[in-house]
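Hi,

Here is the structure I promised to pass on to you.

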Protein chains: 2
Amino acid sequence: MDKPRIALVGATGAVGKVFLGILEEGRFPAGEVRLCASKRSVGMEVALNGRRLLVEEPTPELFSEVDVVFIAAGSSVSRALAPVAADSGALVVDKSSAFRMEPDVPLVVPEVNGDDLRGHNGIVAVPNCSTTQLVMVLKPLHDANPIARVVVDTYQSVSGTGAAAVRELTEQSGQALEGGEVRPSVYPHRIAFNLLPQVESFLPNGYTQEEMKMTNETRKIMHLPDLPISATCVRVPVMVSHAEAAHVEFEHSISPGEAREVLDAAPGVTVLDDPDSALYPMPVDAEGKDDVFVGRIRQDVSKPNGIALWLVSDNLRKGAATNAIQIAEEAMSRDLLPARA
Amino acid sequence: MDKPRIALVGATGAVGKVFLGILEEGRFPAGEVRLCASKRSVGMEVALNGRRLLVEEPTPELFSEVDVVFIAAGSSVSRALAPVAADSGALVVDKSSAFRMEPDVPLVVPEVNGDDLRGHNGIVAVPNCSTTQLVMVLKPLHDANPIARVVVDTYQSVSGTGAAAVRELTEQSGQALEGGEVRPSVYPHRIAFNLLPQVESFLPNGYTQEEMKMTNETRKIMHLPDLPISATCVRVPVMVSHAEAAHVEFEHSISPGEAREVLDAAPGVTVLDDPDSALYPMPVDAEGKDDVFVGRIRQDVSKPNGIALWLVSDNLRKGAATNAIQIAEEAMSRDLLPARA
């Protein structure tokens, strides 16, 4: 199959727009492209490669006419549509958290666990954005030296919440600069020039859903069901790209030089690590790029076998749209698209 | 001594202004107040309690006419002036890093190690802002259950750099919102809607000065010269207050409830920890307050004896001016001001 027909559910959302941008960059050989969205967007026209595409309703019939269905919407939409699309014979690549922890649904970052695609039953899940960039860095290190524990604190941009949150940060920043009143709407508190130590809802153990996703999804993707990993997830007043300060403990001694060498050789990872010239990853630099950027690699002064580092990636690209497209590419290259009747 | 005469060096800087605001709040019983600053500010007038005070040159004569000299300027200013002021018989309370690690200079957070004032030789150092708020939380916990290791990642506001950095974030934010070009000046890179994983200069071990201050100053203040502690310090686009995600490992088991109880009883610490009502510490709420606010207290899922938590404090108040004033108060209450000839 040279040019798979695809459908994109959630075409008018934050991830959907980035997805269409990536298609326009020409990296994914899509044949026919069908766009779907919620009722209020049906009938809208969306530009793609100079053409105007009509936004359609996501129906079983439409799904039966494509090879891959990308869903970039909320979990409830995915829960309703993914099984329908899979039943109609398409490969579903789902960005939501709805199916990620299902035992028969592969949770895939192609550079890390592309092999897991082999077991799919029509639905493949795209990991949480903050998890994806972390495992891109942890996996090559773990292959070189088994990881014993990970502590990670995140600095997550508002685009992870969606387009409305980007508008909220923009508007609130203007209000704050003018000394006016700042009214929260998307978030429970003001985000402009502030920090929210809450990403998603709280669970009974005091962690947030986002924090436990980082624990549970990392364990699943890396096939390390008992890996000790603890996260604090924080929303910061940044538009795009998530950053993470990670403290990784290894079974055996490892030098920063070895870690840098391993990460330099890892596909999809770019090392930016030259303190003397103030070179390190930053959100504004990572925006619009597909790689995970890592720097500040150093021997942890608090742990003999520890390495501390700092990683940044565009949460809408490798954290979402790019990884979804890579999953489809990987499935195609492995001849794992469902057979059409 | 009821009302000590004081001098404030650095009266026109970011910390100096907050210091004067605290004097106006009436919490410190200052007698005569003398203001000093760099040459270009000498002769300026500064308002205090409805009076206009002249900014003077910091001379040995001036120092000999006061009981306490607060220095809130750079390290080079402190290195030049602190010994002079101490020789002239004043108690020097110095905010800079110049003398903090000197064995004969107490490094003091009064709630934590007020006893260390007893050994002073005329100069007392105020810890780094990010260290002070951390030890305010660590010390009561350590007294309840010995701490074995600390991993901490910071989210530090631009006011820690100074007034010019606050202006830079303000200006760059406006430029970015208007889609214009953003030019860095104070920082090596843009700070508006961005993150800088660099606070101060880099050291040969890959850590920054700020990060190693957190390690070394915490060890000195807590009298734990070998405490394993590792920090990643990050500058965030926030005006005032520093936040920290801390992961604390204890010798023995400790529940979040026990930790909360200990912190609830700690002087200068306020627990804000009710996830169900989205109650947790945030920079905009901590600004202008003297306490260290702590929340997100939970059992670390990656460590049996671990507690994860989140703390926020106004870096210009408890992190600087408030702590300096508290040191003077503590020295007075212990009758430890140098005797005047």
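First, some housekeeping. This is a predicted model, in which local features need pLDDT of at least 70 and side-chain atom pairs count only at pLDDT 80 or more, while totals for chains, interfaces and linings use all residues. Residues are numbered from 1 along each chain as its sequence is written, and chains are lettered from A and ligands numbered from 1 in the order in which they are written.

**One chain**

Chain A has 10 helices and 13 strands (DSSP runs numbered from the N terminus, with helices being H or I of at least four residues and strands E of at least two). Its radius of gyration is 20 Å, close to the 20 Å from the globule rule for 341 residues, so chain A is as compact as a globular protein of that length. The radius is taken over C-alpha atoms, and the rule is 2.2 Å times the number of residues to the power 0.38. Along its principal axes, the C-alpha trace of chain A spans about 60 × 55 × 40 Å.

**The pair**

Chain B superposes on chain A by a rotation of 180° with 0.0 Å of shift along the axis, at an RMSD of 0.0 Å. That is the relation of a two-fold axis.

The contact takes 51 residues from chain B and 51 residues from chain A, where two residues are in contact if their C-beta atoms, placed from the backbone, lie within 7 Å. On the chain B side, elements that each supply at least two residues include strand E8 (147-155), helix H6 (163-177), strand E10 (242-250) and strand E12 (292-299). By class, that side of chain B has 29 nonpolar, 14 polar and eight charged residues. Here Ala, Val, Leu, Ile, Met, Phe, Trp, Tyr, Cys and Pro count as nonpolar, Asp, Glu, Lys and Arg as charged, and the others, Gly among them, as polar. Since 100% of the interface residues of chain B are also interface residues in chain A, the copies meet through the same surface.

**Helix packing**

In chain A, helix H5 (residues 129-144) packs on helix H8 (residues 256-264) at an angle of about 120°, with the axes 9 Å apart. That makes H5(A) oblique to H8(A). Axes are lines fitted to C-alpha atoms, for helices over the stretch in contact, and angles run from 0 to 180 degrees between N-to-C directions; under 35 degrees counts as roughly parallel, over 145 as roughly antiparallel, 65 to 115 as roughly perpendicular and the rest as oblique. A:Val137, A:Pro140, A:Leu141 and A:Ala144 in H5(A) meet A:Ala259, A:Val262 and A:Leu263 in H8(A). By class, this contact has seven nonpolar, no polar and no charged residues.

H5(A) also packs on helix H7 (residues 209-221) of chain A, where the axes come within 9 Å and cross at roughly 40°. That makes H5(A) oblique to H7(A). Residues making the contact include A:Leu134 and A:Leu138 of H5(A), and A:Lys213, A:Met214 and A:Ile221 of H7(A). The residues of this contact divide into five nonpolar, three polar and three charged.

In chain B, the axes of H5 and H7 likewise come within 9 Å and cross at roughly 40°.

Best wishes

How values were computed. Least-squares fit on C-alpha atoms with pLDDT ≥ 70 in both.
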